[in-house]
Amino acid sequence: MITSTTSTTDYNKFFKRPALPSNAEQYLREQLEIGERRYEELCRNIINDMNQYGLSVVDDFLGREKGMQILNEVLNMYSAGVFKDGQLVNNFKSDQDLKTIRGDKITWVKGVEPGCSNVGFLINQIDAVICRANAMRNNGKLGDYVIKERTKAMVACYPGSGSHYVMHVDNPNKDGRVITAIYYLNLNWDSRDSGGVLRIFPEQAKSVADIEPKFDRLIFFWSDKRNPHEVQPAHRTRYAITVWYFDANEREAALNRCKNTQNNKNTNSNNSTSNPSNTTSSSSSSSSSVASNNTNTSSSAASSSSASSSSPSAPPQITNSNESHASANEYNNTTPQSHTLTTSSSAPGCGSALSGNSAINSVRPVQVVLPNCYK
């Protein structure tokens, strides 16, 4: 028989506490309770911020290690050439006009595609925060909404060289989107050198909120006219991932409007086909209607412009461009498609760029935004 001459090592000394099942179970329970309290506090802070300011900032959301894994996936997507120039809903603008409105490149992901597992993890974590805050008691304005769906995640890159996005509102037309969530992936970002600040003009405040796109920072804000915002010129490559969350009631109303509009178009098309003799009359009537609509639109725009000039803090005139970063192919002038929060969403939505933002900039001081820290 062979025996070992080496003395037996007492491995118990390597443990800070005895590795007994009861102690291990207690330790895990304590850690879960600590995590649950932190999670509860985070959601409560977001609720309070949204009530008071209309926006909320969370730093160190996932931690450096997970943030780097997400960043590497985004860099791989960008290297693979899947990013495309952001588009406007109306494609009648020239490429040069487009660049003056938005200079980002984008792609849309569900988070289940090959090479996107960490992006998918991020989406699920944001889903969890939104669902928890929406279901909590005494959750303020969030309690006014029923949030069950969201868009796919839009991964955006501003390639530097002054690329920017003019002031806009994500959801000016009640398409259902109520909350915008943006996660940033930019290491060692200093806006004094790199620019790229997200400037928000909260309706309920007299100041603007300047938010640096720092690594592992997550922000939330209302998607409608309460928060016009812009991306200021970026002088180095800037990455962000955006998800929009829908209110079920507003979403249903928007889809019904789209359905009714499509039914009316189909009815008019069928009538024209079955009554060739009325084609000229219908065309004439249609032209008259279009002219009338154009007149009403011009009148409306003039009224909006007048309101803006009479009140410095009022939103400026809205132009029909696609702020919410959807391409014309993905968005067909109806409403963004979605899936439930338990699955990945489908297509994106649109918004409106705003003109005349210099007037607003000149009358609002800059507010320092204090982030929540989730470590």
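1. Cavities. A search of the whole structure, which is a predicted model, turns up 2 cavities of 30 Å³ or more. A cavity here is a set of points, on a 1 Å grid over the protein atoms alone, where a 1.4 Å probe fits but cannot get out. Grid points are joined across faces, edges and corners, and the volume is the space filled by probe spheres set on the points. The second largest cavity has a volume of about 50 Å³.

2. Lining of the second largest cavity. Lining residues have an atom within 4 Å of a point. For this cavity they are Ile46, Met50, Val129, Ile130, Ala133, Leu142, Ile179 and Phe220. By class they divide into 8 nonpolar, no polar and no charged. Nonpolar covers Ala, Val, Leu, Ile, Met, Phe, Trp, Tyr, Cys and Pro; charged covers Asp, Glu, Lys and Arg; the others, Gly among them, are polar. Helix H1 (21-52) and helix H4 each supply at least two residues of the lining, and H4 gives the most, with 3 residues.

3. Basis of the values. Residues are numbered from 1 along each chain as its sequence is written, and side-chain values use heavy atoms, with hydrogens and water left out. In this predicted model, local features need pLDDT of at least 70 and side-chain atom pairs count only at pLDDT 80 or more, while totals for chains, interfaces and linings use all residues.

4. Overall content. The protein chain has 8 helices and 17 strands. Helices (H or I, at least four residues) and strands (E, at least two) are DSSP runs numbered from the N terminus. Of the 375 residues of the chain, 42% count as buried. Buried means under 20% relative accessible area, exposed over 50%, and partly exposed in between, with a 1.4 Å probe and protein chains only. Among contacts between residues at least 6 apart in sequence, 83% join residues at least 24 apart; a contact means heavy atoms within 4.5 Å.

5. Helix H4. H4 has 19 residues and reaches 27 Å from its first C-alpha to its last, close to the 27 Å expected at 1.5 Å a residue. The expected span is 1.5 Å times one less than the number of residues. The buried residues of H4 are Asn118, Val119, Gly120, Leu122, Ile123, Ile126, Asp127, Val129, Ile130, Ala133 and Asn134. Among the cavity-lining residues are Val129, Ile130 and Ala133.

6. Helix H2. The 16 residues of H2 (residues 64-79) should span 22 Å, and the end C-alpha atoms are 22 Å apart, which agrees. Gly67, Ile70, Leu71, Glu73, Val74 and Met77 are buried in H2. Seen down the axis of H2, these buried residues fall within an arc of 160°, so they line one face of the helix. The arc is that of the directions from the helix axis to the C-beta atoms. An α-helix has 3.6 residues a turn, so residues three or four places apart point the same way. On the other side of H2, Arg64, Glu65, Asn76 and Ser79 are exposed.

7. What covers the buried residues of H2 includes strand S3 (105-109), helix H4 (117-135), strand S5 (153-159), strand S7 (177-184) and strand S12 (237-247). Strand S3 holds Ile106, which counts as buried at 5% relative accessibility. Ile106 and Gly86 are 20 residues apart in sequence and 5.9 Å apart in space, C-alpha to C-alpha. After H2 comes Gly81, with a positive phi near 80°.

8. Positive phi outside glycine. Asn188 is not a glycine, yet has a positive phi of about 50°. Asn188 lies in the loop between S7 and H5 and is exposed, with a relative accessible area of 73%. Asp216, also not a glycine, has a positive phi of about 65°. Asp216 sits in the loop between strand S9 (208-211) and strand S10 (218-222) and is buried, with a relative accessible area of 2%.

9. Two residues with contacts. Ser194, in helix H5 (residues 191-194), is buried at a relative accessible area of 7%. Not counting residues up to four places away in sequence, Ser194 touches Trp189, Pro233, Ala234, His235 and Arg236. Arg257, in helix H6 (residues 248-274), is partly exposed at 40%. With the same exclusion of residues up to four places away, Arg257 touches Asn173 and Lys174. Arg257 and Asp175 are 82 residues apart in sequence and 9.7 Å apart in space, C-alpha to C-alpha.

Technical notes: On a 1 Å grid over the protein atoms alone, a cavity is a set of points where a 1.4 Å probe fits but cannot get out, and a pocket is an open set with protein on both sides within 12 Å along at least five of seven lines; lining residues have an atom within 4 Å of a point.
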